[in-house]
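Dear colleague,

I am handing over the structure below for your records.

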Amino acid sequence: MWVKMMGCGCENKKIMSDYERVAMLAKKAAMLDGCVYVVYRKSDGTYSFDKEGTKVDGVIVEYKHYL
């Protein structure tokens, strides 16, 4: 599925508010990098992910393992 990216941040915020999409991307990144990623919810209601051990600015929702 292709996502049309617009110049405004509102479209990106809408995309990053979809937990299932962010969790899927985190799982794929973990598999590619061979490490654990954390999915977290930021104060603006969007989700993000980063490698485990990195300081995150939000509430951790889930850990995605590479196996």
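The buried residues of helix H2 are Val22, Ala23, Ala26, Ala29 and Ala30. Here buried means under 20% relative accessible area, exposed means over 50%, and partly exposed lies in between, with a 1.4 Å probe and protein chains only. An α-helix has 3.6 residues a turn, so residues three or four places apart point the same way. On the other side of H2, Glu20, Met31 and Leu32 are exposed.

Please note that this is a predicted model, in which local features need pLDDT of at least 70 and side-chain atom pairs count only at pLDDT 80 or more, while totals for chains, interfaces and linings use all residues. Residues are numbered from 1 along each chain as its sequence is written, and side-chain values use heavy atoms, with hydrogens and water left out.

The overall arrangement

The protein chain holds 2 helices and 3 strands, and along the sequence they follow the pattern α-α-β-β-β. Helices (H or I, at least four residues) and strands (E, at least two) are DSSP runs, numbered from the N terminus. Of the 67 residues of the protein chain, 27% count as buried. Among contacts between residues at least 6 apart in sequence, 41% join residues at least 24 apart, where contact means heavy atoms within 4.5 Å.

Helix H2 and its surroundings

Helix H2 comprises the 15 residues 19-33, which at 1.5 Å a residue should span 21 Å; the end C-alpha atoms are 21 Å apart, which agrees. The expected span is 1.5 Å times one less than the number of residues. What do the buried residues of H2 pack against? Their partners are helix H1 (9-16) and the strands S1, S2 and S3. Just after H2, glycine 34 takes a positive phi of about 65 degrees.

The sheet

The 3 strands form an open sheet in the order S2-S1-S3, with antiparallel pairing. Strand S2 (47-51) and strand S3 (59-64) stand at the edges, each with a single partner strand, so one side of each is left without a neighbour in the sheet. The twist averages 30 degrees from one strand to the next; axes are lines fitted to C-alpha atoms, for helices over the stretch in contact, and angles run from 0 to 180 degrees between N-to-C directions. Two strands pair if DSSP finds at least two bridges between them.

Strand S1 (residues 37-41) is joined to S3 by 5 bridges, and 5 bridges also join S1 to S2. S1 is mostly covered, as 4 of its 5 residues are buried. Tyrosine 37 stands opposite lysine 51 in S2, and the bridge partner of tyrosine 37 in S3 is lysine 64. Valine 39 has glutamate 62 as its bridge partner in S3, while arginine 41 stands opposite tyrosine 47 in S2. The hairpin of S1 and S2 has 5 residues between the strands, and within that hairpin glycine 45 takes a positive phi near 90 degrees.

Serine 48 lies in strand S2 and, at 16% relative accessibility, counts as buried. Leaving aside its neighbours within four places in sequence, serine 48 is in contact with Met16, Val22, Val38, Val39, Tyr40 and Lys42.

Salt bridges

How many salt bridges does a search of the whole structure find? The search finds 2, a salt bridge being a side-chain nitrogen of Lys or Arg within 4 Å of a carboxyl oxygen of Asp or Glu. One joins the side chains of arginine 21 and aspartate 18 (3.7 Å, N to O). Arginine 21 counts as partly exposed at 23% relative accessibility, and aspartate 18 is likewise partly exposed, at 31%.

Another is formed by glutamate 62 and lysine 64, with the closest N and O atoms 3.2 Å apart. Glutamate 62 counts as partly exposed at 25% relative accessibility, whereas lysine 64 counts as buried at 16%.

With kind regards
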